[in-house]
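Welcome! Please take a look at the sequence and the structure below, and then let us walk through the fold, its strands, its charged pairs and its surface.

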Amino acid sequence: LRLFYESRLEGYPANKNKMKTRKHKIEKNLLNIVFYDKPKNYFPDKGYNEIIHFVYSYDEKMLSDGISEKMQPRDLSGMSGGMFKRVYANGFELPLGIFLAQNKRKKALVGLDYSFVLAWLEASFNEFDEGWRMIKKQKN
């Protein structure tokens with residue numbers, strides 16, 4: 001039974017994504033990882049909080065190409081800041097959060113929930129506005 005959506009992580013890992021000189025073609029390889037479940041009992045965790053973070057199961061030793069072929073693990077270095085999103089069957093995409101880290105011991109990937117980021121920005125708006133006004137005054 002297939003769900004009507006997939007949760008994905010998209011990003012550009014540091015390995016196999018080397019930039020070339022201006023005379024050569026620059027290639028970037030987007031890595032897509034699809035998730036269907038969340039690990040049970042991940043929280044409490046020393047470094048992450050269940051209120052603002054979320055996790056997806058990720059066992060790099062059990063990767064598959066989606067057909068049945070096992071795949072070699074990819075080094076996820078450089079993917080921090082990549083986007084977790086939900087992709088619905090009709091093509092609609094909903095951003096979920098920002099990729100922070102891989103926890104190999106707990107076999108999971110950790111993300112920061114966008115709703116927390118947006119709430120923080122909203123709560124801090126006056127401080128940003130004040131700072132912007134100070135910068136404008138200094139330039140005049």
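A patch is made of residues with over 30% relative accessible area and no salt bridge, and nonpolar side chains are joined into one when they lie within 5 Å. In this predicted model, F116, L118, W120, L121 and F128 make a nonpolar surface patch of about 500 Å².

Helix α1 (residues 114-123) supplies the largest share of that patch, with four residues. W120 sits in helix α1. Its relative accessibility is 46%, so W120 counts as partly exposed.

## Overall layout and confidence

The chain has two helices and six strands, and along the sequence they follow the pattern β-β-β-β-β-β-α-α. Of the 140 residues in the chain, 29% are buried. The chain exposes about 10800 Å², and carbon and sulfur atoms supply 55% of this area. Among contacts between residues at least 6 apart in sequence, 52% join residues at least 24 apart.

As for confidence, the mean pLDDT of the chain is 80, and 82% of the residues score at least 70. Strand β6 (residues 108-113) has the highest mean pLDDT among the elements, at 93, while helix α2 (residues 125-139) has the lowest, at 78.

Why can strand β1 be called largely enclosed by the rest of the structure? Strand β1 covers residues 5-11, and five of its seven residues are buried, so the rest of the structure largely encloses it.

## Salt bridges

Side chains of opposite charge can pair when their charged atoms come close. The structure holds five salt bridges. One of them joins R8 and E6, whose closest N and O atoms are 3.1 Å apart. E6 has a relative accessibility of 10%, so it counts as buried. E10 also takes part in charged pairing: together with K85 and E93, E10 is linked in a network of salt bridges.

Which parts of the chain does the pair of K106 and D45 tie together? The side chains of K106 and D45 meet in a salt bridge, at 2.9 Å from N to O. K106 lies in the loop between β5 (93-103) and β6, and D45 in the loop between β2 and β3 (53-57), so the pair ties together parts that are 61 residues apart in sequence. K106 is partly exposed, with a relative accessible area of 23%, whereas D45 counts as buried at 18% relative accessibility.

K107 and D59 also meet through their side chains in a salt bridge, with 3.8 Å from N to O. K107 lies in the loop between β5 and β6, and D59 in the loop between β3 and β4, so this pair ties together parts that are 48 residues apart in sequence. K107 counts as partly exposed at 45% relative accessibility, and D59 counts as partly exposed at 25%.

Methods: Residues are numbered from 1 along each chain as its sequence is written. Side-chain values use heavy atoms; hydrogens and water are left out. Patches are made of residues with over 30% relative accessible area and no salt bridge: like charges are joined within 9 Å, nonpolar side chains (Val, Leu, Ile, Met, Phe, Trp, Tyr) within 5 Å. Accessible areas come from the Shrake-Rupley method with a 1.4 Å probe; for residues, only the protein chains shown count as cover. A salt bridge is a side-chain nitrogen of Lys or Arg within 4 Å of a carboxyl oxygen of Asp or Glu. Buried means under 20% relative accessible area, exposed over 50%, partly exposed in between (1.4 Å probe, protein chains only). Contact means heavy atoms within 4.5 Å. pLDDT is the predictor's confidence in each residue, from 0 to 100.
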